[in-house]
Amino acid sequence: MVVIEVKPEYGYCVLVAVGSSFMLIWKALKVGFMRKSLKIYYPTMYSLDNNLFNCYQRAHQNTLENYPTFLTLLLLGGLHNPVLSAVGGAVWCAGRVAYALGYYTGDPRKRMRGSFGYFGLIAMLYCTVRLGTGMLGWF
């Protein structure tokens, strides 16, 4: 039987998860404000003639597509190393903000400004793999 101790520092992972929710809310509001100002009404998901709106929408949608993976890696990896996982999660969130700000310029190539967020994802992935291999007694 494997016993996993939840260290007090796991609270950092919880706080990063909560903080990431605020990042999602910020992105949703940005899309909503653009939708209203450009008169792009629901249920239209993407505009046929306004690429700036599409950049806002895509920045939010892409984050939502990656969010389940982020949360899984953050919360499971945090059981192995909560500080490294929380730092990785914070870096990923900062990367997602930089990604969105680049996209919001209307030039989709500028979304790459947020690519540093992958370093955070790799840190969380490492912690999660270490959790799994440790549970199996491999390391």
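**Group meeting: surface patch, salt bridges and cysteines**

Let me start with I25, which is partly exposed, with a relative accessible area of 46%; here buried means under 20% relative accessible area, exposed means over 50%, and partly exposed lies in between, with a 1.4 Å probe and protein chains only. What you see above is a predicted model, in which local features need pLDDT of at least 70 and side-chain atom pairs count only at pLDDT 80 or more, while totals for chains, interfaces and linings use all residues. Residues are numbered from 1 along each chain as its sequence is written, and side-chain values use heavy atoms, with hydrogens and water left out.

I25 sits in helix α1, residues 10-38, where helices are DSSP runs of H or I of at least four residues, numbered from the N terminus. Together with V14, V18, F22, L29 and F33, I25 makes a nonpolar surface patch of about 590 Å². The accessible areas come from the Shrake-Rupley method with a 1.4 Å probe, and for residues only the protein chains shown count as cover.

Turning to helix α2, residues 51-80, we find N54 there, and N54 is buried, with a relative accessible area of 14%. Leaving aside residues up to four places away in sequence, N54 touches Y46 and S47, contact meaning heavy atoms within 4.5 Å. N54 and T128, by comparison, are 74 residues apart in sequence and 34 Å apart in space, C-alpha to C-alpha.

How many salt bridges does a search of the whole structure find? The search finds two, each being a side-chain nitrogen of Lys or Arg within 4 Å of a carboxyl oxygen of Asp or Glu. One joins the side chains of E65 and R58 at 3.0 Å, N to O; E65 is partly exposed at 43%, and R58 is also partly exposed, at 26%. The other joins D107 and R109 at 3.1 Å, N to O, and R109 is exposed, with a relative accessible area of 64%.

Finally, the cysteines: the structure holds zero disulfides, a disulfide being a pair of cysteine sulfur atoms within 2.5 Å. C127 counts as buried at 0% relative accessibility, and C55 counts as buried at 4%.

Conventions:
Patches are made of residues with over 30% relative accessible area and no salt bridge: like charges are joined within 9 Å, nonpolar side chains (Val, Leu, Ile, Met, Phe, Trp, Tyr) within 5 Å. Helices (H or I, at least four residues) and strands (E, at least two) are DSSP runs, numbered from the N terminus.
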